[in-house]
Amino acid sequence: MANTSPADPLVAPTEPIAPDDPLAPTDPAAPRALLLAQLSNSVGDGAFYVTSALYFTAVVGLSAAQVGAGLAVAWAVGSLAGVPLGTLADRRGPRGTSVLLALATAAAVASFLLIASFPGFLAAATLYASAQSGLAAARQALLAGTVAPAARTAVLARLQAASNAGLAVGAALGGLALHAGTRRAYLTVLALDAAGFLLCALLLGRLPAPAPAPAPGSGAGRAPGGAVLRDRPYVLLTLLHTLMLLRMPVLSLALPLWIVQRTAAPGWTVSALFVLNTGAVTLFQVRAARSVTDLDTAARAVRGAGAVMLAACAVFAVTALPGLGAGAAVAVLVLGAVLLVVAEMRHSAGSWQLGLGLAPADRIGQYQGFYGAGVPVARTLGPLVVTTLLVGVGPGGWLLLGGTFLLAALATGPAVRWAARTRT
């Protein structure tokens, strides 16, 4: 673990890293510190994700409609918070901003221990979603300032693998809490998640501190905080990325509903597919990212991911055929899940390279805040889109969804070339 900064994690070292240094790194231990920070909060998040709905309904006493509406509002606000908080990371330094936002996330999770009404839940959830969105952008800027450009995609792949491993461990711990079903068990999960973000803040604070970008008017030609919104090719690329991220609720929401309502597969298939997905990303994400080294290979990875997503959707549609028995349905679902996770890993690798590679060196936090807004948008709108298409339309909905993925992937290449031309 890197230990190049003073004891106070918010105090910069005496020789900060220049944000536009093409060699970027100052400490070879930075990737390991980033990985440990990712792992520390992923374990708590995994436990929180599998228990939160029951905690808010069974313990706090909220209705399912209140929980759904509150989370939708919270993530909508969070999607808007990414740009200003990412800009803050650029101007004040990504390390200190990351630490503060990790602490804010820990405080938001801890506040869930105290809520007793819908307004309190809404306030805590909004703080949680906003801090998470800002933290994601600030951590990307911190990574860009401490890891050499050529190594960033590989490091991000390892972070993704660590995240999935942590989520799996956390989900198992959350399962124990669900089995206990007591208030104390749920509160323990929340305390674990808050502690994970406190540890994350400590680990990030021990990284070297990249220098903040020059403030507007300082003579460095810095554009104002909304520059990313005027970068039309990057806005288009973010829109296409967001469409591809509609795959997120496929595994967590669409497939469970589809399996129960439209197939002969047993209910345990849902958890089996989740374990398959999590295990595959943990084991193979790094390998899947090795061939992504520049903008061209990233665009090809995204294009290939779109084609494989369409194939996965077509396979899932087959499971609704009449006369398909339970064993055959499980086999087809597993095939579709394998295709889906292959597409997910390739899209992730390509999107990391594109999002960072096309962001100006002095505005990485701002650009990543905007690019990363695709995640909360997908979390907010994705469930409505996929349930409308799949539950409402049926097998044809799978083909429409797969076609959307393919079109977004095919359009990514021209968008990347347009963006690249504006930067030369």
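Colleague: Is threonine 297 buried or exposed?
Modeller: Threonine 297 counts as buried, at 13% relative accessibility. Keep in mind that this is a predicted model.

Colleague: Which helix is threonine 297 found in?
Modeller: Threonine 297 sits in helix α10.

Colleague: And what does the side chain of threonine 297 make a polar contact with?
Modeller: The side chain of aspartate 294 is a partner, at 2.8 Å. A polar atom of the threonine 297 side chain also lies 2.9 Å from the backbone nitrogen of threonine 293.

Colleague: Nice. Let's move on to salt bridges. How many does the count come to?
Modeller: The count comes to 2 salt bridges. One of them joins the side chains of arginine 423 and aspartate 231, at 2.3 Å from N to O.

Colleague: Where do arginine 423 and aspartate 231 lie?
Modeller: Arginine 423 is in the segment after α14, while aspartate 231 is in the loop between α6 and α7 (232-244), so the pair ties together parts that are 192 residues apart in sequence.

Colleague: Is aspartate 231 buried or exposed?
Modeller: Aspartate 231 is buried, because its relative accessibility is 11% and the cut-off for buried is under 20%. Arginine 423, on the other hand, is partly exposed, with a relative accessible area of 31%.

Colleague: Which side chains meet in the salt bridge at 3.6 Å?
Modeller: Those are the side chains of aspartate 362 and arginine 363, with 3.6 Å from N to O. Aspartate 362 is buried, and arginine 363 is buried as well.

Colleague: Now the surface. Which residues form the positive patch?
Modeller: The positive surface patch is made by Arg300, Arg303, Arg417 and Arg421. Two elements, α10 (295-318) and α14 (395-422), each give two or more residues to the patch.

Colleague: Let's take arginine 421. Where does it lie?
Modeller: Arginine 421 belongs to helix α14. With a relative accessible area of 56%, arginine 421 is exposed.

Colleague: How many residues apart are glycine 402 and leucine 356 along the chain?
Modeller: Glycine 402 and leucine 356 are 46 residues apart along the chain, and their C-alpha atoms are separated by 26 Å.

Colleague: Back to the surface: which residues form the nonpolar patch?
Modeller: The nonpolar patch consists of Tyr49, Val50, Leu54 and Leu178, and together these have about 320 Å² of accessible area.

Colleague: Which helix gives the largest share of the nonpolar patch?
Modeller: Helix α1 (residues 30-59) does, with 3 residues. Leucine 54 is located in α1, and it is partly exposed at a relative accessible area of 42%.

Colleague: What about threonine 57, where is its place?
Modeller: Threonine 57 is in helix α1 too. Its relative accessibility is 28%, so threonine 57 counts as partly exposed.

Colleague: And what separates the C-alpha atoms of threonine 57 and valine 67?
Modeller: The separation is 7.7 Å, for two residues that are 10 residues apart along the chain.

Colleague: There's another threonine I'd like to ask about. Which helix does threonine 188 lie in?
Modeller: Threonine 188 is in helix α6 (residues 183-205). At 47% relative accessibility, threonine 188 counts as partly exposed.

Colleague: How many residues apart in sequence are threonine 188 and glycine 174?
Modeller: They are 14 residues apart in sequence, and 9.6 Å apart in space from C-alpha to C-alpha.

Colleague: Last topic. Is leucine 390 buried or exposed?
Modeller: Leucine 390 is buried, with a relative accessible area of 1%. Its place is in helix α13 (residues 374-393).

Colleague: How many residues lie between leucine 390 and leucine 239, I mean how far apart in sequence and in space?
Modeller: Leucine 390 and leucine 239 are 151 residues apart in sequence, and their C-alpha atoms are 22 Å apart in space.

Terms used. Residues are numbered from 1 along each chain as its sequence is written. This is a predicted model: local features need pLDDT of at least 70, side-chain atom pairs count only at pLDDT 80 or more; totals for chains, interfaces and linings use all residues. Side-chain values use heavy atoms; hydrogens and water are left out. Patches are made of residues with over 30% relative accessible area and no salt bridge: like charges are joined within 9 Å, nonpolar side chains (Val, Leu, Ile, Met, Phe, Trp, Tyr) within 5 Å. Accessible areas come from the Shrake-Rupley method with a 1.4 Å probe; for residues, only the protein chains shown count as cover. A salt bridge is a side-chain nitrogen of Lys or Arg within 4 Å of a carboxyl oxygen of Asp or Glu. Lys and Arg count as positive and Asp and Glu as negative; His and the chain ends are not counted. The place of a charge is taken as NZ of Lys, CZ of Arg, CG of Asp or CD of Glu. Helices (H or I, at least four residues) and strands (E, at least two) are DSSP runs, numbered from the N terminus. Buried means under 20% relative accessible area, exposed over 50%, partly exposed in between (1.4 Å probe, protein chains only). A polar contact is a pair of N or O atoms within 3.5 Å; within protein, one must be able to donate a hydrogen and the other to accept it, and residues adjacent in sequence count only if both atoms are side-chain atoms.
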